[in-house]
Amino acid sequence: MRHDAPTDKPTLTEVADQYPEPATTPSRWRANLRSVLKHTGLILFGLTMLYPLLWMLVSSFKPNDLIFREPGLIPSDVTLSNYTDGWTALLHPFDHYLLNSMIIVAGSLIGNLISCSMAAYAFARLQFRGRNLWFAIMLMSIMLPIHVIIVPQYILFSELSWINTFLPLIVPKLLATDAFFIFLMVQFFRGIPSELDEAARIDGCGHGRIYLRIMLPLSVPALATTAIFTFIWTWNDFFSQLVFLTRPDMYTVPVALRTFIDSTGESSWGPLFAMSIVSLLPLFLVFLFGQKYLVKGIATTGIK
Amino acid sequence: MAIVDEFRRVKGTGKAGRSRSAAHRFDGRAAVVFLAPWFLGLAFITVGPMVASAYLSFTDYSLLEPPQWIGLDNYTRMFEDPRLLNALQVTFTYVLVSVPLQLGAALGLALLLDKGLRGLAFYRSVFYLPSLLGGSVAVALLWRQVFGAEGLVNQFLALFGIQGQGWVSHPDYALGTLMILNVWTFGAPMVIFLAGLRQIPQMYYEAASIDGAGRIRKFTAITFPMLTPIIFFNLILQLINAFQTFTQAAVISGGTGGPADSTMVYTLYLYQKGFTALDMGYASAMAWLLLAIVAGMTAINFLASKYWVFYND
């Protein structure tokens with residue numbers, strides 16, 4: 001997709017819609033009925049899709065035994081004890097894991113925003129030998145499964161004594177290994193008129209100043225999209241955190257959640273649901289406030 | 001779409017770009033500075049490990065002793081390893097069943113939501129939310145409860161007097177629950193389809209209307225052909241994603257890939273071999289087979305795309 005978004009000029013049919021036929025004609029009536037049916041269907045389908053999530057939210061406030069008896073959304077008994085029990089059910093209180101996750105998220109955010117925008121500036125604006133080749137390599141690295149390199153990465157990081165530190169999860173981001181965001185920003189930078197940097201260049205700006213003073217301030221939407229997706233991916237990441245963090249005090253939220261069943265038994269779904277809700281809450285907030293950038297980001301690059 | 005376009009662009013206009021740069025200026029030194037982090041990452045985090053992994057795949061290595069060169073043994077072992085063949089079968093079944101269903105749902109819903117439907121933004125959010133949360137451990141744990149013996153599904157079935165079974169603990173159904181989870185996350189491709197639908201010029205439909213085309217004819221003659229590049233893009237993206245699925249299988253099966261290896265997806269077996277059994281040479285060989293499969297599938301898709309993907313340029 002390119003950035004020349006569709007114009008908002010009304011089309012013929014939209015103009016026609018503003019001058020509807022009299023509502024009494026049979027075809028209008030049929031159209032209305034069809035619209036009602038369609039909305040009913042969509043709402044029912046949406047509700048079915050979200051039902052497990054809503055049920056988990058409700059169940060996190062139910063006493064444990066009711067979770068296995070009440071499939072409905074209205075609880076017959078409400079308690080907060082799942083949250084207090086769940087918070088302390090593992091070796092460390094849950095805020096310990098939340099903090100660990102947040103440290104990794106913060107490091108990844110800083111790393112991706114700086115390193116990917118720098119690389120993107122080079123690909124979008126600089127002329128250098130082999131640019132197309134490097135660009136193609138960058139594109140291919142997006143599709144490289146992490147599983148191909150995780151074993152030697154593990155060996156490398158254990159040689160450096162980095163296992164059970166956050167470094168294996170943060171340092172790669174400082175080195176622009178999330179190439180998807182380079183691509184996203186290259187796309188965005190290309191849409192910024194090059195007359196702007198030509199003018200700055202004539203005024204004596206070097207590339208450093210053009211990057212800092214012109215490109216970055218004009219790229220807030222792309223940076224926001226990068227930040228949001230970095231947050232979501234890092235928060236949800238399980239595989240690499242599972243591999244690199246094996247000591248319980250270094251566990252992040254997903255890794256800690258997974259040990260819940262092992263350490264508390266299958267019966268304690270209440271506290272587990274409560275902590276699951278806690279773990280999903282930041283994602284949900286990002287979803288609520290970052291929707292505009294989320295939808296734009298997916299639409300322009302197709303990231304998940 | 002985007003990335004696929006880029007590959008076509010790089011291939012098509014490579015020479016034009018070079019001649020322009022020759023006539024213009026060179027920013028080699030600045031480029032080195034701006035690309036320095038990326039070059040370092042490429043060397044030490046991506047390409048270096050790839051080379052090391054290629055070497056390790058020809059060795060017997062357990063982290064504790066230095067690697068022993070064993071030639072092609074790991075690769076020949078793979079094709080005699082029944083658990084690995086099973087993992088391949090499980091993964092292919094998972095990918096080939098759930099990805100088409102997921103994309104079908106995404107396309108269907110996108111078509112329903114298009115055309116200035118009131119409340120579009122609301123519906124889009126509702127259907128997209130599962131994509132956002134679907135990769136989390138929390139949702140995988142929820143799935144384990146929902147499809148468990150006393151889970152939500154069976155509680156509903158009990159209302160109709162049906163005694164359901166433990167879906168996640170039955171070898172015939174456990175993989176199905178993973179597929180449902182993947183289909184449930186159709187929101188992300190749906191948003192891409194919606195963006196693609198908006199790019200189709202409205203005048204085509206107006207012209208078709210004047211020519212007397214009905215809904216179905218408009219879909220087969222305009223919407224579908226115009227959308228094929230995006231279907232293609234979504235297909236590649238989701239195939240690659242689905243092949244690497246790990247979290248859901250690992251969490252729902254409690255890390256075992258059970259019952260009876262029925263949810264032992266490829267990456268989970270790789271993880272067990274590499275990081276539980278510390279058979280790192282074998283795991284490296286497995287990683288290269290995975291890369292070959294993913295690359296091969298992508299290549300086949302690109303080749304096949306000539307016959308069904310329509311580029312309007």
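This is a predicted model: local features need pLDDT of at least 70, side-chain atom pairs count only at pLDDT 80 or more; totals for chains, interfaces and linings use all residues.
Let's start with the big picture. Chain B has 14 helices and two strands. If you draw a box around its C-alpha atoms along the principal axes, you get roughly 75 × 75 × 35 Å. Of the 313 residues in chain B, 42% are buried. Now look at how the chain contacts itself: taking contacts with a separation of 6 or more, 70% of them are between residues 24 or more positions apart.

An unreviewed UniProt entry lists residues 84-301 of chain B as "domain: ABC transmembrane type-1". In the model, that span is 74% helix and 0% strand. Its end C-alpha atoms lie 25 Å apart.

Next, bring in chain A. The contact between the two chains takes 82 residues from chain B and 73 residues from chain A. Helix H2 (residues 28-56) of chain B supplies the largest share of chain B's side, with 16 residues. By class, that side of chain B has 52 nonpolar, 24 polar and six charged residues.

What about the largest nonpolar core? That core has 156 residues, and the members that touch the most others are Ala119(A), Ala120(A), Ile182(A) and Met185(A). Zoom in on Ala119(A) and you can see contacts to both chains. Leaving out residues up to four places away in sequence, Ala119(A) touches Ala176(A) and Ile182(A), along with Phe34(B), Leu35(B), Pro37(B) and Trp38(B).

Finally, a few backbone details in the loops of chain B. Which residues are joined by a cis peptide bond? They are Gly258(B) and Pro259(B), with omega about -5 degrees. Pro259(B) sits in the loop between helix H12 (247-252) and helix H13 (266-276). Ala260(B) lies in the loop between H12 and H13 too, and has a positive phi of about 50 degrees despite not being a glycine. Is Ala260(B) buried, or is it partly exposed? With 13 other C-beta atoms within 10 Å, Ala260(B) is partly exposed, because a residue has to have 20 or more such neighbours to be buried.

Leu63(B) is another residue other than glycine with a positive phi, near 75 degrees. You'll find Leu63(B) in the loop between strand E1 (59-60) and strand E2 (68-69) of chain B. Leu63(B) has 14 other C-beta atoms within 10 Å, so Leu63(B) counts as partly exposed.

Note on methods. Residues are numbered from 1 along each chain as its sequence is written. Chains are lettered from A and ligands numbered from 1 in the order in which they are written. Helices (H or I, at least four residues) and strands (E, at least two) are DSSP runs, numbered from the N terminus. A residue is buried if 20 or more other C-beta atoms lie within 10 Å of its own, exposed if 12 or fewer, and partly exposed in between; C-beta atoms are placed from the backbone. UniProt positions are given in the numbering used here, feature names are shortened, and annotations may be inferred rather than shown by experiment. Two residues are in contact if their C-beta atoms, placed from the backbone, lie within 7 Å. Ala, Val, Leu, Ile, Met, Phe, Trp, Tyr, Cys and Pro count as nonpolar, Asp, Glu, Lys and Arg as charged, and the others, Gly among them, as polar. A nonpolar core is a set of buried Ala, Val, Leu, Ile, Met, Phe, Trp, Tyr and Cys residues joined through C-beta atoms within 7 Å.
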